[in-house]
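Here is a short briefing for a reader new to this structure. Start with the sequence and the model below.

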Amino acid sequence: MDPYKVLGVLPHSSEGEVNQAYQKIVQTYNTDDLQDDSIKTFYTEKLNEANEAYRIISHNIACEEVREMIEDDDFVAAEARLNLVSDISSAEWNYLKGVLLLKKGWVESGVNHIKKAATLNPYNNEYVSAMNTLNQKVSSYKQNFSNAKAGGGGGGNLCGGNNNSGGGKGGLC
């Protein structure tokens, strides 16, 4: 099913245009006054299809908004918007949630969400690339920690480097 075709809108339609198209379909296929069961069944199928199309498109619009907020470093608004469309079965939702959690410093949760996004959609280069980058940084951190510990130090820090540097470029910061 192509949700844009179902609602009769273009992929980059505004939220208002999508709402208007959806409302038109809901009014057209209103089953309240129907007596004929075969027509009622057909209308119900059309409404179910429109509902699913509207859900998909609304989710896509919300994710685009969240991406823009993340790019603008407006993490609080991005997280609030993402929580409104909570969809753990969506690769995009998991990816964006993972990015937000990483920005908050919640590394394990962030990595888990990005890993789930890459698992849900292994053909998305952005998700797979992010997962590979995170794996490299975690490996680097582990190596720095092992080296520092073997050298008598107390271990590395999450930002990379040794205990005395907080802003090394080899870590997660």
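Where is the place of Thr 31? Thr 31 sits in the loop between helix H2 (15-28) and H3. This is a predicted model, in which local features need pLDDT of at least 70, side-chain atom pairs count only at pLDDT 80 or more, and totals for chains, interfaces and linings use all residues. Residues are numbered from 1 along each chain as its sequence is written, and side-chain values use heavy atoms, with hydrogens and water left out. Helices (H or I, at least four residues) are DSSP runs, numbered from the N terminus.

- Thr 31 counts as buried, at 16% relative accessibility. Buried means under 20% relative accessible area, exposed over 50%, and partly exposed in between (1.4 Å probe, protein chains only).
- Thr 31 and Tyr 43 are twelve residues apart in sequence, yet their C-alpha atoms are 6.6 Å apart in space.
- Beyond its neighbours within four places in sequence, Thr 31 is in contact with Lys 40, Tyr 43, Thr 44 and Leu 47. Contact means heavy atoms within 4.5 Å.

**Aromatic rings**

- The whole structure holds five aromatic pairs. Rings of Phe, Tyr and Trp (its six-membered ring) pair if their centres lie within 6.5 Å; planes under 30 degrees apart count as stacked, over 60 as edge-to-face and the rest as tilted.
- Tyr 29 and Phe 42 have ring centres 6.3 Å apart and planes at 70°, so this pair is edge-to-face. The pair links distant parts of the chain, with Tyr 29 in the loop between H2 and H3 and Phe 42 in helix H3, 13 residues apart.
- Phe 42 is partly exposed, with a relative accessible area of 40%.
- Ring pairs join Tyr 29, Phe 42 and Tyr 43 into a cluster.

**Helix H5**

- Helix H5 covers residues 91-103; at 1.5 Å a residue, its 13 residues should span 18 Å, and its end C-alpha atoms are 18 Å apart, which agrees. The expected span is 1.5 Å times one less than the number of residues.
- H5 is mostly covered, with eleven of its 13 residues buried. Among them are Trp 93, Tyr 95 and Leu 100.
- The buried residues of H5 pack against helix H3 (37-71), helix H4 (75-84), helix H6 (107-120) and helix H7 (125-150).
- Just after H5, Gly 105 takes a positive phi of about 90°.

**Salt bridges**

- The count comes to seven salt bridges. Each is a side-chain nitrogen of Lys or Arg within 4 Å of a carboxyl oxygen of Asp or Glu.
- Arg 81 and Glu 65 meet in a salt bridge (2.6 Å, N to O). This pair links distant parts of the chain: Arg 81 is in helix H4 and Glu 65 in helix H3, 16 residues apart.
- Arg 67 forms a salt bridge with Glu 92, with the closest N and O atoms 2.6 Å apart. Arg 67 lies in helix H3 and Glu 92 in helix H5, so the pair ties together parts that are 25 residues apart in sequence.
- Lys 104 forms a salt bridge with Glu 79, with the closest N and O atoms 3.2 Å apart. Lys 104 lies in the loop between H5 and H6 and Glu 79 in helix H4, so this pair ties together parts that are 25 residues apart in sequence.
- Glu 79 counts as buried at 18% relative accessibility, whereas Lys 104 counts as partly exposed at 37%.
- A network of salt bridges links Glu 52, Arg 55 and Asp 87.

Key: Helices (H or I, at least four residues) and strands (E, at least two) are DSSP runs, numbered from the N terminus.
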